[in-house]
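Open the model in your viewer and have the selection tool ready.

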Amino acid sequence: MKTLLTTIALTATLALPAAAQDMSAQLKARQGQFRIMALNLGVLGDMVKGATDYDATAAQAAADSLVGISMVHQPTLFAEGSDEMSVDGTRALPAIWENPDDFAAKWAAFGEAAAQMQTAAATGTDAMGPAMGALGGACKSCHETYRAPQ
């Protein structure tokens, strides 16, 4: 019995670093997702603001990327215990895990706004402006509720 308990304790101890590493991978993937979103939103935003010339191919690629990201299964990236109070390097608030349905609804709203941009991107900056507003609103709604300030 003593040998069994020792084996269980040793196995649990050895598994802890692996679990922490898995959390690190999820956190890096989550942060990478948001960096890709920011990059593509910047491409579209610069076109809408007139900071860069409208380029239909680049606009469509950026919008397509946003739609692709909106399809990523968020619970995989937001493992419980990966909030800003538990892990360094994140601004995710514990409210994400306290209100998973609302968090999912806000992510779905981002997906809908990204799909609107995907349609608008091919038509020029006049249509992209309102679509950009919808994207910004979706991002802001989630950030206000689920992201800690810097």
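A residue counts as buried when its relative accessible area is under 20%. The model is predicted. By that cut-off, both Phe 78 and Phe 103 are buried.

Select Phe 78 and Phe 103 together. Their rings form an edge-to-face aromatic pair, with 4.9 Å from centre to centre and 65° between the planes. Phe 78 sits in the loop between α3 and α4, while Phe 103 belongs to helix α5, residues 100-121. The two are 25 residues apart, and the pair links distant parts of the chain.

How many aromatic pairs does a search of the whole structure find? The search finds five. In the pair of Phe 78 and Trp 97, the ring centres are 6.3 Å apart and the planes meet at 50°, so this pair is tilted.

With Phe 78, Trp 97 and Phe 103, they form one aromatic cluster.

From Tyr 146, move to helix α6, residues 125-146. Its 22 residues should span 32 Å at 1.5 Å a residue, and the end C-alpha atoms are 30 Å apart, which agrees. Which residues of α6 are buried? Select Met 128, Ala 131, Met 132, Leu 135, Ala 138, Cys 139, Cys 142 and Tyr 146 to show them.

Conventions
Residues numbered from 1 in each chain as written. Predicted model: local features only at pLDDT ≥ 70, side-chain atom pairs only at ≥ 80, totals over all residues. Heavy atoms only, no water. Phe/Tyr/Trp six-rings, centres within 6.5 Å; stacked < 30°, edge-to-face > 60°. Helix = DSSP H or I, 4+ residues; strand = E, 2+ residues; numbered from the N terminus. Buried < 20%, exposed > 50% of the residue type's maximum accessible area, 1.4 Å probe, protein only. Expected span 1.5 Å × (residues − 1).
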